[in-house]
Amino acid sequence: MRAAPALAVAALAVALAGAASPPPAPKAVSASYNVYMHGVHIAVMKETYEAAASEYRLVSESTAVGVLGLFQRETVRFVSEGRLTPAGLQPRRFEGKRNDNDPRRVRGEFDWAAGRLTIEHHGRTETLPLP
C-alpha cells in the first residue's frame, strides 16, 4: 500500500508540470469589430493574425460604413510582419495606408541588430533608437 501514495504523488507532479507549460500559440486568429462614435456605427474593423514557422503577419483593415462610408470609401490598412521569439512578437516592418498612392502612407523598418527604427511618413524619413 506504500506504493500507491508514491504513485499518486508522481502522477500529480507530472500533471502539474504539464499544467505549468503554456499552451501552444495559435497559427491563425481573425476578429471583426463594429466601431461606434457617439452611438453611431461608423466602421467595421477586421483583424487577422497568421503565424508560420518563426514568422508572423498581422493585418488590420477598417472600412467606413453608413453616412461616413459615403464620404470615406477607401479601406485603411495596416500590416505588420516579423519574427516570433520566446519574448513575443518582434516586428521587422509595418505599413499603414489607404491606397498605393496615399500621401499619408506610413512605413517602418526595424533593425534590431543596430537598435534603430526607420520611419517614412509625410514625405520624410526619420531614424529613431529602439528601446
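A search through the whole structure, which is a predicted model, turns up two aromatic pairs. Rings of Phe, Tyr and Trp (its six-membered ring) pair if their centres lie within 6.5 Å, and the planes then sort them into stacked (under 30 degrees apart), edge-to-face (over 60) or tilted (the rest). In the pair made by Phe110 and Trp112, the ring centres sit 5.5 Å apart and the planes meet at 5°, so this one is stacked. Ring pairs also bring in Phe94, giving a cluster of Phe94, Phe110 and Trp112.

Phe110 comes out at 18%, so it counts as buried. Trp112, with a relative accessible area of 36%, is partly exposed.

Next come the charged side chains. A salt bridge here is a side-chain nitrogen of Lys or Arg within 4 Å of a carboxyl oxygen of Asp or Glu, and by this rule the count is nine. One of them joins Glu81 to Arg93, with 3.0 Å between the closest N and O atoms. Glu81 belongs to strand β4 (residues 76–85) and Arg93 to strand β5 (residues 88–97), so the bridge ties together parts that are twelve residues apart in sequence. Helices (H or I, at least four residues) and strands (E, at least two) are DSSP runs, numbered from the N terminus. Both partners are partly exposed, Glu81 at 21% and Arg93 at 33%.

Arg93 has another salt bridge, this time with Glu109 (4.0 Å, N to O). That pair links distant parts of the chain, as Glu109 is in strand β6 (residues 106–111) and Arg93 in strand β5, 16 residues apart. Glu109 is partly exposed too, with a relative accessibility of 43%.

Arg107 is partly exposed, at 34%.

A quick word on the ground rules: residues are numbered from 1 along each chain as its sequence is written, and side-chain values use heavy atoms, with hydrogens and water left out. In this predicted model, local features need pLDDT of at least 70 and side-chain atom pairs count only at pLDDT 80 or more, while totals for chains, interfaces and linings use all residues.

Notes: Buried < 20%, exposed > 50% of the residue type's maximum accessible area, 1.4 Å probe, protein only.
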